[in-house]
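Dear colleague,

Please find below the structure that I am handing over to you. I would be grateful if you would look through it alongside the notes that come after it.

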Amino acid sequence: MNLDNLARIDLNLLVMLQVLLEERSVTRAASRLHLSQSALSKSLNRLRDTLGDPLFIRTAHGLKPTAHAALLGQQLPDMLQGLYQLTQPPSFNPASSRRQFSFAMVESAYETLLPYFIGPLLNNAPNLRLDSYLWTEKSLSSLQKGQIDFGITGRDINPQSDLIIDRLPEGIAHQTLFTDHQVCLVRQGHPMLSAIRNHQWDLDIYLEMSHVQVRCEGNEWWALDYFLAKSGQRRHLSTTVPDFYGAASVCAHSDLIFTLPSSFAAHARKLYALEELPLPFDFHSLAYVLLWHERNDDEPGHKWIRETICKRVAQAVNLPETQLSVSGSA
C-alpha cells in the first residue's frame, strides 16, 4: 500500500462518486449531498484528475459510468461500509463474533475454574476461538506485550514474585475470582492417620513428614515455605513434580503428604484413595485472580469475557458479585 498516494485522495470524493453512481444525475446527487451543482461538478473534476479517467459520460438519459467507474462501483459499497465502521464506537456481538482470545492459567485453575465459564462463553459466542496456555514465569510479561489476553493464577504462589498484588507490573489490572485455603492430602491407610485422629496433628508432626510439592513458575517453594522460613522452620520436600495431578498420584502411592488448595483437593480425591486433613496451623488464604492489561479495560470483547468469567465463578462459589472488585496496578 502506498500511503503517500492515498493521502492525496479526499475520501469525500469517494462518497460523491458512490452517490453519482446511484443517481446518474448531477442534480439529484447534489441534492442528496446538500451541495450546489457547481460545487459537485468541481469535485467531480478533481476526482477525474486524481484517477485519470472521465468516470461519466453525459447522455440523453443522464450520466453513464465509464468502465473504470463501473468497476469502482462494484468495490465502493464495501469500502465505504468499512470506513463507516471505523467511525463507530467499538462494539462486540458475542453471537456473531469470530474473534480469538488467549488465556494463561495456573494448572489448578483448569479443573477448579475453567468448567464454570468455558461453557457459558462458547454457548453465547459459538464462533469464538479460545486458546489456553499454562501459566509460567513469563506469563506476566506476555500480558504486558499483548501476546495473551488474560491470566488466571494464584496470588500467593511465591511472596517473592511479582504476583503479589501490590507488586504487579505497570499496566496489569486484576480482579479476585475467589479465595481458597490450603489443606493436606495423604493416602488412605497412611501410618500417621491414627495419631492424627487421636488429636496429635500439629505443626511438629507436619514438619516431621516428607512432602511432595508442585513446582509453580519454576519455583519449588510456595508462600507456605517462606512463611515457615521466617520462624526458622522448613518442610522436607522429598520430591517435586510439575503438576497437581502428578503430585496427587505420588501422594496416593507413597507416604508423602501433599499440601494444596482445598478446591483442587476435592478433584484429586475423586481419582485417588486419599484422605483430606486440615493444615495444622494458621496460614493466610490464597486468592485466584483474573489478570489483564489496562489497555483492554473498556474494549467490549475483553470486557464481556471478564464479566462472564466473574459472574459464572461468583455463581458457582456463591459469592455476591459485588465482592469481586476490580483493581488496577499500583
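Predicted model: local features only at pLDDT ≥ 70, side-chain atom pairs only at ≥ 80, totals over all residues.

Helix pair. Helix 3 (residues 26-33) and helix 4 (residues 37-51) have axes that come within 9 Å and cross at roughly 100°. Since angles of 65 to 115 degrees count as roughly perpendicular, the two helices are therefore described as roughly perpendicular to each other. On the helix 3 side, the contact is formed by Val26, Thr27, Ala29, Ala30 and Leu33, which meet Gln37, Leu40 and Ser41 of helix 4. Five of these contact residues are nonpolar and three are polar, with no charged residue.

Five strands form an open sheet in the order 9-8-10-7-11, and the pairing is mixed. Strand 9 (236-241) and strand 11 (274-278) stand at the edges with a single partner strand each, so one side of each has no neighbour in the sheet. From one strand to the next, the twist averages 35°. Strand 7 (residues 182-187) pairs with strand 11 in the antiparallel sense, over five bridges. Within strand 7 and strand 11, cysteine 184 stands opposite leucine 277.

Helices on the sheet. Helix 9 (residues 193-200) packs on the sheet and touches strand 7 and strand 11, its direction making about 30° with that of strand 11. Helix 12 (residues 244-252) lies across strand 7, strand 8 (210-214), strand 9, strand 10 (257-261) and strand 11. Relative to strand 10, helix 12 runs at about 145°.

With kind regards

Conventions:
Residues numbered from 1 in each chain as written. Heavy atoms only, no water. Axes fitted to C-alpha atoms, helices over the stretch in contact; angles between N-to-C directions. Helix = DSSP H or I, 4+ residues; strand = E, 2+ residues; numbered from the N terminus. Parallel < 35°, antiparallel > 145°, perpendicular 65-115°, else oblique. Contact = heavy atoms within 4.5 Å. Nonpolar A, V, L, I, M, F, W, Y, C, P; charged D, E, K, R; others polar. Pairing = 2+ DSSP bridges.
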